[in-house]
Every structure is written in structure tokens, then in C-alpha cells.
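Subject: Structure for your review

Dear colleague,

Please find the structure below, followed by a short account of what was found in it.

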2 protein chains.
Amino acid sequence: MLSQKGRYALHALIVLAEHDGEEPMMIADIAEEAGVPRKFLEQILLELRKRGILRSLRGRSGGYLLAKPPNEISFADIIRVTDGPLALAPCVSVTAYHRCEDCEDEKTCAIRKVLLAARDATAEILESRTLASAVGSRRRATRKR
Amino acid sequence: MLSQKGRYALHALIVLAEHDGEEPMMIADIAEEAGVPRKFLEQILLELRKRGILRSLRGRSGGYLLAKPPNEISFADIIRVTDGPLALAPCVSVTAYHRCEDCEDEKTCAIRKVLLAARDATAEILESRTLASAVGSRRRATRKR
DNA sequence: TTAATCTCTATTGACTCGATAGAGATTATG
DNA sequence: CATAATCTCTATCGAGTCAATAGAGATTAA
């Protein structure tokens, strides 16, 4: 399961992608629209910025913007920041690989084979879906004309 | 990521599937072979029994056995016991569905669509791989003749 | 100079995780 | 029937994580 933080992040980024502007959007407004507690959102956005998904402007009339176009920010990118690796074990993680005390031999470990297939299947989906596709489908679904 | 408990469970069940006998196998022996702390393993096996994956015999010469043939026990079955639902959100979980405060409308929620696709992809893999396939591949890999 | 904004770190309470402990129930066996 | 071997159950522990809140600091536009 995703953490609350992860779900909040997805909502907030979709709000930003919809806003999709040149001007930055203030934390308070994002919090409002995304339905996220403001102070908690501050921490989340800060982390997303440090990981290169957002950028920010400080001071008066500051705020947050997407660091990249929406079609270059995948669900996998976001979830990795808030909830860590997609993989079910370190020995099959691409972004956080480290050798696994469990398996004596990675080449033949039966568990690893399965977890690797699971990771690939998950990553296939989460890396191909972006903020652009999410906003697109939402626009289509809620547009009135 | 799987919990330590989850990884222990997979190892223990593979040991049991290899043992694959009529006679029960004692906790102490499973712990030994699977490399799991004995008292911790007790709790894990107990839970797997309550969820119908194992059965047990009590008293002297007691022990644990698989409750079903190895080809009917999937990785998904095991992971659901030790680590909960495969899904990334309650609103896309088959085994632990409950409505999601996040999405206003499940039909159109953009996040839900992606998480549902991810769940399906993961389940596809984890439900098709069983203890039999794991033991099979291991046998093949380590057999000397 | 000031007010508005992001930045950073600390703190809180509840919960989970991994592990250990020990008393209880059950059963085969001599 | 007594005993030893085994599973069963519940409690406890310390460390860590999670969700949330708080507040002082840095930066900038006006």
C-alpha cells in the first residue's frame, strides 16, 4: 500500500499539472485544492523539490512549479520519492539495489526470480503513466462541453 | 518492499514444499533450514495456518505441513498473509477493498486508474507463480545429475 | 521596512516491526 | 499414567516509522 504521504503527493502534483502554468502556485493553494494538511504538504513538496520533481521560488509571490513537463513525470518517479523503491526486495530493486542476505545465490534464487518479474510488471505500468496522462484523462472525464 | 516476515515466510514455505512429505516437519527444523529465528517463525507459521496455507499436528511428533499441494499455493497467497494486500490503495484492492476518501469519484479518478493497472500487473505475476514452480526451478538449478 | 512566502528541524503520539519470553494445551510413547 | 516433545497463544520490548503540528529562519517583492 502507498503511504498517506504518497497519496497526498499524487494529488498535489496532479493539481500542479492542471494549473500547469508559468506562474508558481502557493503551498496554501495547493493544500486547499488537493485536500492535504498544509504543514504536512510543505514537507512533501520540499522532498519532491530535492528529488528534482519540483522547483520553487522563494519570498513574496513565491510558490511551486513542476520542474519538468507533465509528460516527463511518471507515477513511478513520484512514488519512489514518497514510498521508496517499487521492488519487493532490495535484490530486485533498480533504484536501491543491494545484495540480499536471504538468497545464497542470486542467479538461482527462486524467490528472486518471482520478485523480479513482479517488479518489472509494476515498473512497466508506473513508469509509463505520467502526470500528463492523468490530467488528460481527468480533463476528458470532467469536461462539460 | 516485503517485510522481513514476508521473506521469512517465503523461505519457510519453500523448505516445506521441498520436504514435500506425508510427515509433518518440526518448527525447529524449518527454522534451521530456512534460516529464520525460531520463535519468530512460530508466529509466522501460526498465522499461515490460520489463513489456510498450512496445517499442523500437535503434540509429540507434531509439526507443520502444507495445507494444499505446492502448485496451489501462490506467492500472492503468501504475501497477502504476511504483508497485506498487493494493491497500492484500498480502492483497488480485491482482497481488502474499501472506498477511498481520496477520490471523489471512483469511476473517473485518474490516480485510481493507474493504481488499478499496477495492481493487476502485480497480481498477474504473483498469482501465477506457486511453491511448485519455485521448487521446480530450484531443483532444476541445483540438481547434480 | 515589511509582509508574504518558502525552508528547515524538532517534536509529538500512535502505531508497526522484528524479536524474545514463557505459560498453556495436546499427544506419542515407554 | 507420567513424561517429554511439540504446537499455541499472548505479552512484552526497543527501535523505528508515520501523520501531523509547530515555530524559528531565510528570501524576496512591493
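In chain A, helix α1 (residues 4-19) and α3(A) have axes that come within 10 Å and cross at roughly 75 degrees. The axes are lines fitted to C-alpha atoms, for helices over the stretch in contact, and the angles run from 0 to 180 degrees between N-to-C directions. The two helices α1(A) and α3(A) are therefore roughly perpendicular, a term used for 65 to 115 degrees, while angles under 35 degrees count as roughly parallel, over 145 as roughly antiparallel and the rest as oblique. From α1(A), Lys5(A), Tyr8(A), Ala9(A) and Ala12(A) meet Phe40(A), Leu41(A), Ile44(A), Leu45(A) and Leu48(A) of α3(A); contact requires C-beta atoms, placed from the backbone, within 7 Å. By class, this contact of α1(A) with α3(A) comprises 8 nonpolar, no polar and 1 charged residues. Nonpolar covers Ala, Val, Leu, Ile, Met, Phe, Trp, Tyr, Cys and Pro, charged covers Asp, Glu, Lys and Arg, and the others, Gly among them, count as polar.

The model is predicted: local features need pLDDT of at least 70 and side-chain atom pairs count only at pLDDT 80 or more, whereas totals for chains, interfaces and linings use all residues. Residues are numbered from 1 along each chain as its sequence is written, and chains are lettered from A and ligands numbered from 1 in the order in which they are written.

Chain A as a whole has 6 helices and 2 strands, in the order α-α-α-β-β-α-α-α from the N terminus. Helices (H or I, at least four residues) and strands (E, at least two) are DSSP runs, numbered from the N terminus. The C-alpha trace of chain A spans about 55 × 40 × 25 Å along its principal axes. Of the 145 residues in chain A, 40% are buried, that is, with 20 or more other C-beta atoms, placed from the backbone, within 10 Å of their own.

Turning to the two chains, 31 residues of chain B are in contact with 31 residues of chain A. On the side of chain B that touches chain A, two or more residues come from each of α1, α5 (110-128) and α6 (131-142) of chain B, and α5(B) gives the most, with 11 residues. That side divides into 19 nonpolar, 6 polar and 6 charged residues.

Finally, the DNA. The largest share of the surface near DNA strand C, 4 residues, belongs to α3(A). Around DNA strand D there are 25 residues, with Ser3(A), Gln4(A), Pro37(A), Lys39(A) and Gly59(A) the closest. Here α3(B) gives the most to the surface, with 4 residues.

Yours sincerely

Key. Buried ≥ 20, exposed ≤ 12 C-beta atoms within 10 Å, placed from the backbone. Near = placed C-beta within 6 Å.
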